[in-house]
Amino acid sequence: MSENAAGAVIVISSHVVRGSVGNRAAVFALETLGHPVWALPTVVLPWHPGHGRSTRLTFAEADFDAAIDDLIRAPWIGEVRAVLSGYFGNAAQARSVARLIAALRQNNPELLYVCDPVMGDLGGLYVPEATAEAIRDHLIPLASLATPNRYELAWLSGAALDDNSAIMEAALALGPSRMLVTSAVPMMAGGTGNLYLSGRHALLAEHRVVENPPNGLGDLLAAVFLSRLLSGLEDEKALQLATASVFEVLARAVKRGSNELMLASDASSLSTPMAMVQMRRLVHPAQRRKN
């Protein structure tokens, strides 16, 4: 399959030397599923900060912006079908990527942009507030699909999200036409869920909770779900397969006692997952308003 037929994906996030988070997770998943990938790191780390302190290699804001200019002028830019962004090293990078998305859409209005707003979790923000604000103000409005966890969506929307109805209302208010919210409120005991909301669908994909999970699950889910959408699958099937893939990779890594996702060993889980996922159709907020 040629690059023009498959459609290249630009992936912009952190890079670790050891591990399967950020670009290391997303690029592997997308390439395994058949997509040519252009990978741009925002920072480089020896390993995930959760494993302990390490050196943080950064780029000057002007240099990163110049690299974005290079991409915009690249003679092969017509190959790009989608962009996925994740962790940013500073607010200026987010603004630079917004400029890239705007330029790409001048040539391809159908460009799919997935914004994974990697900014925090239950413990609060772990990026500077200025970076989180740049993601909210410059990138979320451009997103075809956003993939926050529940705590990131709460920060972005400024609302308490104690149940799935509140999550859906916040997702609708935020703006992107499609939203995939991880760490949603489960309906099955001992479970966790991915809640997907579009103009037509309100879907919940659930699986059992796996204790002490390695990092990188959000990065992996965003990439695999993007791939399934690019392949032309209907939203519900794309969500089911992406959730099954991530759960299967997670469960296998934990069973082996690994502190990282083991993507090279579990590549088959990305393409042909066997894990069972409970799919539920929720009442869409628009339907509740009609009633």
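How do the residues of the lining of the largest cavity divide into nonpolar, polar and charged? The answer comes below, under the cavity heading.

## Model and confidence

This is a predicted model, in which local features need pLDDT of at least 70 and side-chain atom pairs count only at pLDDT 80 or more, while totals for chains, interfaces and linings use all residues. Residues are numbered from 1 along each chain as its sequence is written, and side-chain values use heavy atoms, with hydrogens and water left out.

The protein chain has a mean pLDDT of 95 (the predictor's confidence in each residue, from 0 to 100). A pLDDT of 70 or more is reached by 97% of its residues. Residues 1-5 stay under 50. For that stretch the model has six contacts (heavy atoms within 4.5 Å) beyond four places in sequence.

## The cavity

A search of the whole structure finds one cavity of 30 Å³ or more. A cavity here is a set of points, on a 1 Å grid over the protein atoms alone, where a 1.4 Å probe fits but cannot get out; lining residues have an atom within 4 Å of a point. The largest cavity holds about 50 Å³ of space, a volume being the space filled by probe spheres set on the points.

Its lining divides into four nonpolar, five polar and two charged residues. Ala, Val, Leu, Ile, Met, Phe, Trp, Tyr, Cys and Pro count as nonpolar, Asp, Glu, Lys and Arg as charged, and the others, Gly among them, as polar. The lining includes Ile12, Asn23, Leu84, Asp116 and Asp219. At least two lining residues come from each of β1 (8-16), α2 (23-32), β3 (80-85) and α8 (217-230). Helices (H or I, at least four residues) and strands (E, at least two) are DSSP runs, numbered from the N terminus.

## A salt bridge between strands

Side chains of opposite charge can pair when their charged atoms come close. The whole structure has 10 salt bridges (a side-chain nitrogen of Lys or Arg within 4 Å of a carboxyl oxygen of Asp or Glu). One of them joins Arg280 and Glu206, at 2.4 Å from N to O. Arg280 lies in strand β11 (residues 278-281) and Glu206 in strand β10 (residues 202-208), so the pair ties together parts that are 74 residues apart in sequence.

Arg280 is partly exposed, at 24% relative accessible area. Glu206 is buried, at 1%. Buried means under 20% relative accessible area, exposed over 50%, and partly exposed in between (1.4 Å probe, protein chains only).

Asp266 forms a salt bridge with Arg252, with 3.9 Å between the closest N and O atoms. Asp266 sits in the loop between α9 (235-256) and α10 (267-271), and Arg252 in helix α9, 14 residues apart. Asp266 is buried, at 1% relative accessibility, while Arg252 is partly exposed, at 33%.

Asp266 also meets Arg256 in a salt bridge, at 2.8 Å from N to O. Arg256 lies in helix α9, 10 residues from Asp266. Arg256 is partly exposed, with a relative accessible area of 43%. Shared partners join Glu248, Arg252, Arg256 and Asp266 into one network of salt bridges.

## Glu236

Glu236 is in helix α9. Glu236 counts as partly exposed, at 25% relative accessibility. Beyond its neighbours within four places in sequence, Glu236 is in contact with Leu203, Met279 and Arg281. Glu236 and Leu270 are 34 residues apart in sequence and 17 Å apart in space, C-alpha to C-alpha.

Methods. 1 Å grid on protein atoms, 1.4 Å probe; cavity = no way out; pocket = protein on both sides within 12 Å on 5 of 7 lines; lining within 4 Å.
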